Every structure is written in C-alpha cells, then in structure tokens.
Amino acid sequence: MDQDIELRHLRYFVAVAEELHFGRAAQRLHLAQPPLSQQIRKLEEILGYSLFTRTSRSVRLTSAGEVFLERARRTLRNVQEDLDEARSIGRGEVGFLRVGFIGSSMLTSLPSMLGQYRRQYPKVHLQLSENFTSNLIQSLTKNTIDAAFLRDGDPTDGLSIEPLFSEPFVAVLPSNHPLAKRKVISAANLRDEPFVFFTPTAGTLAYRKTISLCEEHGFRPRVVQEAPQWLTILRLVGAGLGVSIAPACVAQIATPDIACRTLRRASVQSDIELAYRATDDRTIVKSFRKIARASFAARTRPPKPSSSKL
C-alpha cells in the first residue's frame, strides 16, 4: 500500500540509483548491504514494479526506476524545504508581521530600528501602518496588528505596554512671537494664548499629560483649532493661528516660521511605547520586541566619556 512508503525508502532508493552499486550505496548510507537490499525490495513490492535490473556484474535502473528517481528526488527536496521553512518560522526568521505606529514616532530612532530589523530578518514580510494611539490600541485588541509604537498609550486589559523612549515637551510658537526671543519659558506664559492642539480622541493619556502642564499653572488651554497631525499643527502655528505644546521631537520638522522653546520645570514627559498582546508568545513577535528594546536603549544611553591624552 502507498501509505507504507517512508522517507527512508526514498533516501535508500536515491542512493542506490546514484551509485548503481548496492555496496557503495550501503557505505554512503552507513548501513549493511543486506538490510539495504531488503528495503529496496520492499519498496518495489509496494510499487508493484521493479526499479532496478540486477545482474551479477551490474545494477541498472528500469524505465520505471528512472521516472521514480526524479519523483523521489523532488519529494525529498520538498520535504527538506518544508523542514527548513518550519525551522525558520520557529526562529521568527520568516512570516508576516503587522506593525502600527504613530506618525511622530518616525521622528525618533524608530526608522533606524525598523531598518535594523529588516536587515536582520529579510524574509519577514513587514507590513507597517500609521494611525493614532487610540486606534492602534483597538487594532491590537482586535488582532489586526501584532505590535504597535504608541505615544502615551492608555493602560488596556490584555496588552503589555513598554516605555522605550521619553522626551520632554516644548512650547511651539510662531517665530515672530515675543516669547520666541527666550530660550526657556514657563507654561504659565501661555495662559492667555490661543492653542492649536491635537484631538483628544487620538490618545487620551497623551492629551491629559499635555493639558496637565497648563493646569499646574492654574489654567486650561483655550483651544481654537484642532488638527490630526503634528506637521499640520506646526504649519497652523507658523501661520499665526495660535501656540501649542508638543513632544520635543517635533522640532525636527519645524520650519523657519516656527520656534520650539524648552518648558521650564515641566513635570511630565512624553513616552514612546511598544505595545503588544500579553499572550502573544510567537517567536516572530518576540524577536521584533527584542530588537526594538535594544535599538531604543542603545540610542538613549548616554555616550561614554572620551579619554584624551595630555
């Protein structure tokens, strides 16, 4: 019966077919010759046809043997490829990984980290998607993404949220604003200013953190315009619609009509975080988390002091 054929039968047959000599094939397989001959006969019985023509002086493939040799090689090759693929998947080297991120995280070391991951795991299909922190959390809970880079994500049942990078907040002003002449200002100086702000639905904790910087000085910001992205907010501030408070990284995209100034004694910082499902123990996700942690840690670690010879 066909189901009695085992992979070892195919390996034995290929060895004999390639050597055309039972003794040499047995040595190659590290077997004694009688058991090898016995297994080849069993394979021929299963197939119902002779695979070899045997004489006292030679061994030759029959026409059925020639065809079966091609099929046996293909089967063994496919099995090896399947084994290699399964091992690669087990090591997290291949597969499909869906990663979400907030736009401002691209102003941190995230792009470099993603490049490092791509170089280390070139066979993983990495699908990236940009969204707000609140939407990324929902996508994680709905299992439509595997990991996400958030900004000040709200604690959520079933999710692990790890801080990777913290940065201070800065005041964002039109460059012609009187406060722009100072290097450091207090949030209290913004009490009477109109604000351009992001919508609180984008991330409630991030919104509360920013508002708290004003509430510490006894006021809530008067928001005259909301916008979905920091680039839009900065452009509106530069056009004179108001001021804002933003994570320090946004200074990288500030145009000449924008001034970003340090906030004096700000009590909170903004955190870039890695979020994933707490029960997701797949190797592909674990490998991604490991690289993310190491990459951000390497870029936030203070540089070693250089030694100089006098």
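K209 is buried, with a relative accessible area of 14%; buried means under 20% relative accessible area, exposed over 50% and partly exposed in between, for a 1.4 Å probe and protein chains only. The model is predicted: local features need pLDDT of at least 70, side-chain atom pairs count only at pLDDT 80 or more, and totals for chains, interfaces and linings use all residues. Residues are numbered from 1 along each chain as its sequence is written, and side-chain values use heavy atoms, with hydrogens and water left out. Helices (H or I, at least four residues) and strands (E, at least two) are DSSP runs, numbered from the N terminus.

**Salt bridges**

- The structure holds 18 salt bridges, each defined as a side-chain nitrogen of Lys or Arg within 4 Å of a carboxyl oxygen of Asp or Glu.
- K209 forms one of them with D271, the closest N and O atoms being 3.2 Å apart. Because D271 belongs to strand 13 and K209 to helix 7, this pair ties together parts that are 62 residues apart in sequence.
- Like K209, D271 is buried, its relative accessible area being 17%.
- R220 and E215 meet through their side chains at 2.7 Å, N to O. R220 is exposed, at 52%, whereas E215 is partly exposed, at 40%.
- Salt bridges that share partners join E18, E19, R24, R28 and R73 into one network.
- Another salt bridge links the side chains of R71 and E70 at 3.6 Å, N to O. Here R71 is partly exposed, at 35%, and E70 is exposed, at 52%.

- Five strands form an open sheet of mixed pairing, in the order 4-3-5-13-6; two strands pair if DSSP finds at least two bridges between them.
- Strand 4 (124–130) and strand 6 (159–167) stand at the edges with a single partner strand each, so one side of each has no neighbour in the sheet.
- Neighbouring strands of this sheet are turned by 20° against each other on average, direction ignored. For such angles, axes are lines fitted to C-alpha atoms, for helices over the stretch in contact, and the values run from 0 to 180 degrees between N-to-C directions.
- Helix 5 (residues 110–120) packs on the sheet, where it touches strand 3 (95–101), strand 4 and strand 5 (147–151). The direction of helix 5 makes about 160° with that of strand 4.
- Eight bridges join strand 6 to strand 13 (residues 270–277) in the antiparallel sense. Within this pairing, S166 has D271 of strand 13 as its bridge partner.

**Buried face of helix 5**

- L110, M113, L114 and Y117 are buried in helix 5. Seen down the helix axis, the buried residues fall within an arc of 100°, so they line one face of helix 5; the arc is that of the directions from the helix axis to the C-beta atoms.
- An α-helix has 3.6 residues a turn, so residues three or four places apart point the same way.

- Strand 8 runs parallel to strand 12 (residues 258–263), with two bridges joining them. V184 stands opposite T262 in strand 12.

**Individual residues**

- R289 lies in helix 9 (residues 283–300). R289 is buried yet has no salt bridge, and the nearest side chain of opposite charge, E162, is 5.1 Å away; Lys and Arg count as positive and Asp and Glu as negative, while His and the chain ends are not counted.
- Leaving aside neighbours within four places in sequence, R289 is in contact with L274, Y276 and D280, where contact means heavy atoms within 4.5 Å.
- T199 is placed in the loop between strand 9 (194–198) and helix 7 (204–215) and counts as buried at 18% relative accessibility. Beyond neighbours within four places in sequence, T199 is in contact with Y207, E226 and A227.
- S50 occupies the loop between helix 3 (33–47) and strand 1 (52–54) and is partly exposed, at 46%. With neighbours within four places in sequence left aside, S50 is in contact with E44, T62 and A64.
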